Amino acid sequence: MKLLEHLADAFLNGAQDFRFVYNRMTKEVDVLEMLNNDWEDDENLELVPYKESREMYEVMVDFSNQYEGELEEKLFQALNGRKPFRAFQETANSLGIINPWYDYEQEYTKKKMQEWLERL
């Protein structure tokens, strides 16, 4: 797996209490042991950012805006209803556009991680 794919996975799967670190020297991504703060002493380690609900909601809105008519309407109904993240994925799946969604999410995340790497 390529570095950007590892970073994208870390971004999508990380959470406030479950983080990943990127080692600038080895170019590897590892799970951060939150109980162990030794990583802070290693200048080669960078905490990988993780997705925030608000940001990912906007990504889903942008994806939905690519469609027109009934598809767009159903996606926005899902986003504006209860449990929008789950509803959005279930709706995208039922409409047969779950794979384009995953591709869109992955491309967004890779681009975000590329920009992050360039700022390091």
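Helices H2 (53-64) and H4 (84-94) pack with their axes 11 Å apart, at an angle of about 30 degrees. The model is predicted; local features require pLDDT of at least 70, side-chain atom pairs count only at pLDDT 80 or more, and totals for chains, interfaces and linings use all residues. Residues are numbered from 1 along each chain as its sequence is written, and side-chain values use heavy atoms, with hydrogens and water left out. Helices (H or I, at least four residues) and strands (E, at least two) are DSSP runs numbered from the N terminus. Axes are lines fitted to C-alpha atoms, for helices over the stretch in contact, and angles between N-to-C directions run from 0 to 180 degrees.

H2 and H4 are therefore roughly parallel to each other. Angles under 35 degrees count as roughly parallel, over 145 as roughly antiparallel, 65 to 115 as roughly perpendicular and the rest as oblique. The H2 and H4 crossing is left-handed, a term for a near helix turned anticlockwise from the far one by less than a right angle; clockwise is right-handed. On the H2 side, Ser53, Met56, Tyr57, Met60, Phe63 and Ser64 meet Pro84, Phe85 and Phe88 of H4. This contact of H2 with H4 comprises 7 nonpolar, 2 polar and no charged residues. Here Ala, Val, Leu, Ile, Met, Phe, Trp, Tyr, Cys and Pro count as nonpolar, Asp, Glu, Lys and Arg as charged, and the others, Gly among them, as polar. Contact means heavy atoms within 4.5 Å.

H2 also packs on H3. Their axes come within 9 Å and cross at roughly 165 degrees. H2 and H3 are therefore roughly antiparallel. The crossing is again left-handed. Tyr57, Met60, Val61, Phe63 and Ser64 of H2 touch Glu72, Leu75, Phe76 and Leu79 of H3. By class, the contact of H2 with H3 has 7 nonpolar residues, 1 polar and 1 charged.

H5 is another partner of H2. The axes of H2 and H5 come within 11 Å, crossing at roughly 125 degrees. The two helices are therefore oblique to each other, and H2 passes H5 in a right-handed crossing. H2 contributes Glu55, Met56, Val59, Met60, Asp62 and Phe63; H5 contributes Pro100, Trp101, Tyr104, Glu105, Tyr108 and Lys112. The contact of H2 with H5 has 8 nonpolar, no polar and 4 charged residues.

The largest nonpolar core has 24 residues, and Leu7 and Val48 have the most contacts inside it. Such a core is a set of buried Ala, Val, Leu, Ile, Met, Phe, Trp, Tyr and Cys residues joined through side-chain atoms within 4.5 Å. Elements giving two or more residues to this core include H1 (3-13), S1 (20-23) and H5 (98-119). Beyond its neighbours within four places in sequence, Val48 contacts residues including Leu7, Phe11, Phe20, Met113 and Trp116. Leu7, Ala8, Ala10, Phe11 and Leu12 of H1 are buried; buried means under 20% relative accessible area, exposed over 50%, partly exposed in between (1.4 Å probe, protein chains only). S1, S2 (28-31), H2 and H5 are among the elements that cover them.

Gly81 lies in the loop between H3 and H4. Its relative accessible area is 36%, partly exposed. Gly81 and Ser53 stand 28 residues apart in sequence and 15 Å apart in space, C-alpha to C-alpha.

The protein chain holds 5 helices and 3 strands, in the order α-β-β-β-α-α-α-α. Of its 120 residues, 32% count as buried.
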